[in-house]
2 protein chains.
Amino acid sequence: MNSTPEEARQRAVGLAADTMGEIVAFWGFKASMGRIWTLLYLSSDPLPADVIAQRTQLSAGAVSMALHDLLQWGIADRAMVPGARKRHYRAATDVWAIVRRIIRQRELRLVGRAVERFSEAVRVLEDSLANHPGDPSTQFMLQRLRGLLQLARIGYKLVEGFADVGTFTLDPIRGALSYFGREQHA
Amino acid sequence: MNSTPEEARQRAVGLAADTMGEIVAFWGFKASMGRIWTLLYLSSDPLPADVIAQRTQLSAGAVSMALHDLLQWGIADRAMVPGARKRHYRAATDVWAIVRRIIRQRELRLVGRAVERFSEAVRVLEDSLANHPGDPSTQFMLQRLRGLLQLARIGYKLVEGFADVGTFTLDPIRGALSYFGREQHA
DNA sequence: CAGTTTTTTCAATATGTTCTGAAATCAGTG
DNA sequence: CACTGATTTCAGAACATATTGAAAAAACTG
């Protein structure tokens, strides 16, 4: 209650940074990246690495590495501070664009690889059936595998659309999806 | 090429299972859960734990734990096999419903917690400003923090809608989002 | 309900990831 | 271009997570 503004800000940053850290960690990034981004995002001025280290309780090395990652992903950038010796960093603020870029670079690759690999698996079974027609286990597996492949392709389209346009609607493909869920039976 | 159907199936399962393992691992589950689900999903008959262990190269213990998780999440279930001593397991096939349930139980909680914590941080700053009106750093931080809170709330709504209805459209809220991205300046 | 097989549990271990601390490198400045 | 301070790098420590292996528990079967 009767705390200084400085103390209040510190507490607020701590709460927000830890929360964001959890979220990005869940998302496959280092928690410290989320913490640092939040710290920068909530600062009215760019901060140098040593201040970041001090406020996040991280070593200089860890801060350097996390900043490197943040710059790589375009989640933070260097800010020119007039007569400053140290480099100063500031958070990218266009959260929407950040999310889109990350999704494009990570999820899209991941799902793309999945499509390729499922395709290969389908091919393996098709070849096998060509040589040994009528094998029931193989036929069953092929059917299901085609379902997985279809699902992966749908996922790819979804993610791609989201990354490109920033919109994400399932409606056009719900028919295909509900078909998929609804059994190539057991 | 000239392999037995059995060999072909084994190769196809391996490819598909590893792929799915990667995907679910990226998603925060154990890779072995994805591998086992895929193995079951591609089998025409339910499989007992020892067969799963043998085909996935996991120990009996690991299989038991992974199956436990799969059952918990409703991603697999026990199948009654007539005169069988061992328990047999089979994959849940309604992929769509599985994804929805997982999102509801995990993402929704995660984002919900974020909303709570950002709210608390906002409260902290509001209190501070009540006692120390006009502090510029605090004002700046409060503004940005409100942006994060708004974003988290939007995310919550999105995830909730997706979990409930299975549809996911950003259109209704794009105004709010683009506003957010477009700067409470630096 | 005793014997047998299956399943679960859990401490120890293996694996993978992030962080530290200090040395090496790099960048400004006089 | 040498000096000072800032930054990066990286081997090892700390930490987190997944798996093993074996013992305990549970579930069948006769």
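Guide: One term before we start: helices are DSSP runs of H or I with at least four residues, numbered from the N terminus. Also, this is a predicted model.
Visitor: Which element gives the most to the surface near DNA strand C?
Guide: That is α4(B), with six residues.
Visitor: And which elements each supply at least two residues there?
Guide: From chain A, α2 and α4. From chain B, α3 (49–56) and α4.
Visitor: How many residues surround DNA strand C, and which are closest?
Guide: 22 residues surround it. The closest are Ser59(A), Gly61(A), Ala62(A), Gly61(B) and Arg87(B).
Visitor: How do the residues of that surface near DNA strand C divide?
Guide: Into 10 nonpolar, six polar and six charged.
Visitor: Now DNA strand D. Which residues come nearest?
Guide: Of the 22 residues around DNA strand D, those are Gly61(A), Arg87(A), Ser59(B), Gly61(B) and Ala62(B). Elements giving two or more residues are α3 (49–56) and α4 (60–72) of chain A, plus α2 (31–41) and α4 (60–72) of chain B.
Visitor: Which has the largest share near DNA strand D?
Guide: α4(A), with six residues.
Visitor: Switching topic. What order do the strands take in the chain A sheet?
Guide: The order is β1-β3-β2, in an open sheet with antiparallel pairing.
Visitor: Why is one side of β1 and of β2 left without a neighbour?
Guide: In chain A, β1 (47–48) and β2 (76–79) stand at the edges, so each has a single partner strand.
Visitor: How many bridges join β1(A) to β3 of chain A?
Guide: Two. In one pairing, Leu47(A) has Tyr89(A) as its bridge partner in β3(A).
Visitor: What lies across those strands?
Guide: Helix α2 of chain A lies across β1, β2 and β3 of chain A, at about 95° to β3(A).

Key: Residues numbered from 1 in each chain as written. Chains lettered and ligands numbered in written order. Predicted model: local features only at pLDDT ≥ 70, side-chain atom pairs only at ≥ 80, totals over all residues. Near = placed C-beta within 6 Å. Pairing = 2+ DSSP bridges. Contact = placed C-beta atoms within 7 Å. Axes fitted to C-alpha atoms, helices over the stretch in contact; angles between N-to-C directions. Nonpolar A, V, L, I, M, F, W, Y, C, P; charged D, E, K, R; others polar.
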